[in-house]
Amino acid sequence: MSELLSVGVIKEMFEAVSEDGPRPENPVLQVVRFSNQNNPNESPQSSRVRVAFSDGQELVSGIIPVNLLRSISGGRLERGQLLRLTHYSCSISQSTKGQQPQKVIVVSSYEVANSELQPIIGNPFPGQDTVTERSRPLAQPNLQPSAPPNPQLSQQLTPTFPRSVPSVQQQMRPPTPTFNGGGIMRSSSNDMRRSSAGSAEEGIFPINLLSPYHNKWKIRAVVGAKSDIKHWQNQNGTGKLFNCTFLDESGEIRATAFGQQVDAFYDKLEEGKTYLISKAKVNVAKKNFSPVKNDYEIYLESATIIEEVANRNPTDLIKFDFVRIDKITQYEKDSTIDVIGMVINVDDIQPIMTRTTQRNINKRDLTIADQSGCQIILTLWGQNAEKYGTSILNTVIVCKNVRVGDFQGRNLSAFNGTTLLTDVDLKEAKELLDWHSSQEEGKTFTSLSSSGSVTIDRNEPKKSLAQVKNEKLGSGERADYFSTKATILFIKKENICYPACPTCKKKVLEDGDEYRCEKCSRNYPAPDHRYIMAFSVADFSDNAWFQCFNEGGLVIMEREAKDMMQFSKENTERYEECIEQACLKSYVFRCRAKTENYNEQNRIRYTVTGIAPIDYVARTQDLNRVICELAGQPQPSQ
């Protein structure tokens, strides 16, 4: 196997760095020793393994990311293995007084060159007799996962190695890590190899392998979300910044520019375009400021080089995981998902005053639909609200990383980590266009976030009211969702609706002959009345109090809230008659159970997020299926 080893290649690798020349391709090095090295300030997903590499003549320190190690070698290294480095970078630190420059090889992709373990090849330890070392059989260390690390071994694994080889029993083997993707976009081992191999051929570095330990890299990425220029002022002076998201087929990373770099790069970087980026600084991400799924972030500096790549389809560099609109009800509030939909309605821009900064920001609601027959509201803010107007009506919009909301049903919101694309060349977009062109004009869709009934997902946990209380749903930190069949017994007659702002739907106050919205800082001649109802329901097991908003109230009362308000002022008998008619009717309710503090007391509130009439055919089939399961009989055919 010694013919596989690239003897003397380490010197050539670091000479290429010093002279900025071509570096050796696919060098084969031998693993001499290794130790798991974790930075306590980083998450387990960003852990690395420190390796001592040999080319038969000298030793050098190396770093292999755990995610790469797991995808290729199943999370294990063996002493004596030969590794072919298909993608790597070399780093030489500045020398300090009394110390030699430190050399490190950062491995981005590799292959196992031999299937059998070999003794140490050559003489990587100058001045030592390595015959005994080479002839020593390779015993398997018997280390318990909970054994504490050897502090002497950590000292030995500095880039300048001692001139003696520790015994085999002293070698540290990294424990198999728990790896769930974390802040890095997951990809299969085949995807990792394909991405890294393709990048190595073109000199392009995958985003998901960037770290502060790489000093020479170049990425090819699409600009996703780009923020406005933000200005600040404090005791140290004034400044400005902006940030954007870079995406490629391996993942995403946030980039930030300050001061003069804002002037240099803000206009140059355009959303949806592809660029080559190099000579920027990689730091550990500040998670409290960044929603991007990466443990690191990029700072654009004066030396940073950004070049546009012309005629490149941005969707070729972005990995999507689309969720059908009818399945959005399965996702928790504040989840981030990818959605593709046909824009069927575009509302006007509405200026909204923010609570924190007390400044106006533009807002626009789009309604999108897909082949599931459902529609949902997508809210855009700031520049996106201005950019996407009526021109995108009846076109396909692609949304990556939109946030799920549950205010009065389900809705989507674009935030500073959202990437929006139109006129995309995707198979899903073509299928959506073909579907839309085949629909009849004026076709209606089931809405998840507007007036009318909301679909009840049949996969939602079905509970009786007694089960809801006995299982203490909603008593934890997060909300619990369930569906139940119940009958309305009583509806509170007082405050069944409220005067709302026609723009933001918040409550308005009388201001002379007009109505004032404090959030929008505007006066309106008349309010838009909306339901906010509290009612008692019961089933065969128990009873409970539910609360619903305008969408549920429209289904229950079967008339607009403004009509009920008019009845309450002009015809109280008609008002009470309408409420009595709404009682003793049964529905399937989808509810959110969550603990809330009211008057310094915790109580569980059940809020209706979806309501639908009972489908007796479907319910009979469900009951029949349950009976067959209990009786051990085969499921009936539908």
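I began with W545 in this predicted model, and I noted that W545 is partly exposed, with a relative accessible area of 44%. I then turned to F490, which is also partly exposed, at a relative accessible area of 43%.

Next I looked up aromatic pairs, and I counted 11 of them. I kept in mind that a pair of aromatic rings is described by the distance of the centres and the angle of the planes. For F482 and Y606 I found an edge-to-face pair, with 6.1 Å centre to centre and 85° between the planes. I placed F482 in strand β22 (residues 480-491) and Y606 in strand β31 (residues 601-612), so this pair ties together parts that are 124 residues apart in sequence. I recorded both F482 and Y606 as buried.

Since F490 lies in strand β22 and W545 in strand β29 (residues 543-548), the pair ties together parts that are 55 residues apart in sequence. I also wrote down a cluster in which ring pairs link F482, F535, F546, Y587, F589 and Y606.

For charges over rings, I noted K226 over the face of Y266, at 4.0 Å from the ring centre, and K103 over the face of F14, at 5.4 Å from the ring centre.

Last, I traced an open sheet of three strands in the order β24-β25-β26, with antiparallel pairing. I marked β24 (509-511) and β26 (522-524) as the edge strands, each pairing on one side only. Between β24 and β25 (residues 514-517) I found three bridges, and I noted Y515 in β25 as the bridge partner of E510.

Terms used:
Residues numbered from 1 in each chain as written. Predicted model: local features only at pLDDT ≥ 70, side-chain atom pairs only at ≥ 80, totals over all residues. Heavy atoms only, no water. Pairing = 2+ DSSP bridges. Helix = DSSP H or I, 4+ residues; strand = E, 2+ residues; numbered from the N terminus. Phe/Tyr/Trp six-rings, centres within 6.5 Å; stacked < 30°, edge-to-face > 60°. Buried < 20%, exposed > 50% of the residue type's maximum accessible area, 1.4 Å probe, protein only. Lys NZ or Arg CZ within 6 Å of the ring centre and 35° of its normal.
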